[in-house]
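Hi everyone, thanks for coming. I'd like to take a few minutes to walk you through a structure, so let me put it on the screen.

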Amino acid sequence: MTPCPDHPLTTYRPGLFAGRNAVVAGGTSGINLGIAKAIAACGAKVAVIGRNGEKAEHAASALREIGPEALPLIADVRDFAAIDAAMAQAAKRFGPLDFVVAGAAGNFIAAADSLSSNGFRTVTDIDLLGAFHTFKTARPWLREEGSSLIAISSGQAFQPMWGQVHASAAKAGIESLVRTLALEWGPAGIRVNSLSPGPIAATEGVKRLVPQSRVDAIARRLPIRRFGSAEEVGNAAVFLLSPAASFVTGMTLFCDGGMMLTPYDGQPGADLVPETVR
Ligand code: COA
C-alpha cells in the first residue's frame with residue numbers, strides 16, 4: 001500500500017487555538033489521539049479521557065510535548081457519573097471548555113446471527129450513549145458562543161457493512177444525535193458536527209476491521225489509493241472546530257479518501273463474515 005505522506009501535526013497557523021480548552025473522549029490512542037495532537041499543536045489545552053490510566057498518561061505526555069497543557073482523565077463513557085466527574089475535572093483545571101470531541105468507540109466484526117444482545121448493546125452503549133454522555137456532561141462547562149463539538153461517525157452510518165449491525169446502528173444514531181443537538185444548542189452559539197474517517201493506518205479500528213491480507217486491495221479501491229493518517233483526520237477536526245467553520249453545524253465531514261464513493265465490496269468486513277451468511 002502507498003504509505004501516507006509525511007504530514008505535519010497541523011497545517012494551521014500556530015496559536016490558532018491559544019487560550020482555548022478541549023476535551024477529547026477516547027483521545028488516548030489512534031484517531032482520537034491524532035485529533036487531540038492536532039488541537040494541541042494549535043495551542044489549546046487538551047484533556048484526554050480513556051478507560052486505561054496508563055494509556056491516558058502516555059497520551060498526555062505526548063500532548064505536553066506539543067501543546068501548552070494536557071490532562072489525562074480516566075472514565076468509561078458508558079458510566080454517566082464517571083464521565084460527568086472527568087468533564088468537571090477538565091473544566092475546573094482549564095476553565096470553560098471550547099471544544100469537545102466524542103470519539104470513544106468499540107467495534108468488532110460479528111454477523112447479526114452470531115451477535116448476542118449484550119454484544120449489540122455494548123457497542124451502541126460505548127458509541128452512541130457514550131457520545132450523548134460526553135456532550136451532555138460537557139454542556140454546563142461550555143463557553144457557549146464559539147464552542148464547537150464533534151462526534152466521530154463512520155461510513156457504516158450511511159452504508160450497510162457486513163458484520164457491522166451494531167456499529168452501523170450506533171453510528172447512524174450518532175448522526176441523528178449530532179443534528180438534533182445542532183438544532184437545540186445552536187442558539188447558544190454551540191456548533192455540533194460529525195466527522196467520518198475512513199480506513200486510517202495503524203489504528204485499532206483498521207486492525208479489527210481490515211484483515212492484513214486485504215489491506216492493499218482495499219487501499220487500491222479507494223479513490224485516493226491509500227489509507228489515511230491520524231494527522232489527516234486531526235486537520236479535518238481542526239477545521240470543524242475553528243472559526244473557518246463558524247457557519248457549519250449539523251453536518252458530516254467525510255475524511256475517508258473517497259471511501260463513501262466506492263462500491264460496497266471495496267469496504268472491509270465482508271471477508272470476515274462467513275460465506276454461509278453472505
Ligand atoms: N464477536 C462477537 N461478540 C463479541 C465480540 C466478537 N468479536 N467481542 C465481544 N463480543 C461480545 C461479548 O461476547 C459480550 O457479549 P456476551 O455477554 O453476550 O457474551 C459483549 O460483546 C461484551 O463484551 P465484553 O468483552 O464484556 O465488553 P467490554 O466492555 O469489555 O469491551 C468491546 C468492549 C467488546 C467493544 C472491546 O472490543 C473493546 O474494549 N474495544 C475498544 C477498542 C475498540 O474496539 N476500538 C476500535 C474502534 S473502531
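Predicted model: local features only at pLDDT ≥ 70, side-chain atom pairs only at ≥ 80, totals over all residues.

Strand β3 covers residues 70-74, runs parallel to β2 and is joined to it by five bridges. Strand β1, residues 21-25, is also parallel to β2, again with five bridges, and here V24 is the residue opposite V48. To get from β1 to β2, the chain passes through helix α1, residues 30-41, in a right-handed β-α-β crossover. Then β2, helix α2 (residues 53-64) and β3 form a right-handed β-α-β unit.

So how enclosed is β2 by the rest of the structure? Largely, because five of its six residues, within 45-50, are buried.

Now, over to the ligand. The shell around the ligand holds 15 residues, and R51, N107, S116, N118 and R208 are the closest. R51 places a polar side-chain atom 2.7 Å away. N107 uses a backbone N or O atom, at 2.8 Å. For N118, a side-chain N or O atom sits at 2.9 Å. On its own the ligand would expose 930 Å², and the protein buries 56% of that.

Which element gives the most to this shell? That's α4, with four residues. Helices α4 (117-138) and α6 (204-209) are the elements giving two or more. By class, the shell has seven polar, four charged and four nonpolar residues.

Definitions and conventions
Residues numbered from 1 in each chain as written. Heavy atoms only, no water. Buried < 20%, exposed > 50% of the residue type's maximum accessible area, 1.4 Å probe, protein only. Pairing = 2+ DSSP bridges. Right-handed = clockwise from strand over helix to strand, strands pointing away. Near = heavy atom within 4 Å. Polar contact = N/O pair within 3.5 Å; in protein donor to acceptor, adjacent residues only side chain to side chain. Areas by Shrake-Rupley, 256 points an atom, 1.4 Å probe, with all protein chains shown as cover. Nonpolar A, V, L, I, M, F, W, Y, C, P; charged D, E, K, R; others polar.
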